[in-house]
Amino acid sequence: VAYSFDSSLVATASDDCTARLWNTDTYACLYTLQHDDFVWAVAFSKLNRSVVASCGVAGLCKIWNISNGECLKTLEDSGATVYTIAWSPSNNTQLASGADDYKVRIW
């Protein structure tokens, strides 16, 4: 679970193969972001406030537009399950991921 930069959205990860974006005022689900397998983590960028990232079992990290739920980019890992992601606090295009192959990747 992650809050957006302004706390207007919450992103959730789920074992139903989705990440979801929720409006914190109305509690409505705004977008369902589809993956092919379990989603383990979500992260909002503090510098690029128009995106959220999600990652999961299939070894993929996806970057989503929070305005329309469109997948902007898919980052393919080694196939290892990605358990955690974090945006760089100083580079709005850099994402780090940690997977069960004991590797950290900088995208």
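Q: What share of the 107 residues in the protein chain is buried?
A: Buried residues make up 42% of the 107 residues, where buried means under 20% relative accessible area with a 1.4 Å probe, protein chains only. This is a predicted model, in which local features need pLDDT of at least 70 and side-chain atom pairs count only at pLDDT 80 or more, while totals for chains, interfaces and linings use all residues. Residues are numbered from 1 along each chain as its sequence is written, and side-chain values use heavy atoms, with hydrogens and water left out.

Q: Why is the protein chain called as compact as a globular protein of its length?
A: The protein chain has zero helices and 11 strands, helices being DSSP runs of H or I with at least four residues and strands runs of E with at least two. Its radius of gyration is 13 Å, close to the 13 Å from the globule rule for 107 residues, so the chain is as compact as a globular protein of that length. The radius is taken over C-alpha atoms, and the rule is 2.2 Å times the number of residues to the power 0.38.

Q: What makes a set of residues a nonpolar core?
A: Its members are buried Ala, Val, Leu, Ile, Met, Phe, Trp, Tyr and Cys residues joined through side-chain atoms within 4.5 Å. The largest such core has 14 residues, and Cys 61, Ile 63, Ile 85, Trp 87 and Leu 95 have the most contacts inside it. Strand 5 (39-44) and strand 9 (82-87) are among the strands that each supply at least two residues of this core. A second, separate core of 12 residues includes Phe 44 and Val 52.

Conventions: Buried means under 20% relative accessible area, exposed over 50%, partly exposed in between (1.4 Å probe, protein chains only).
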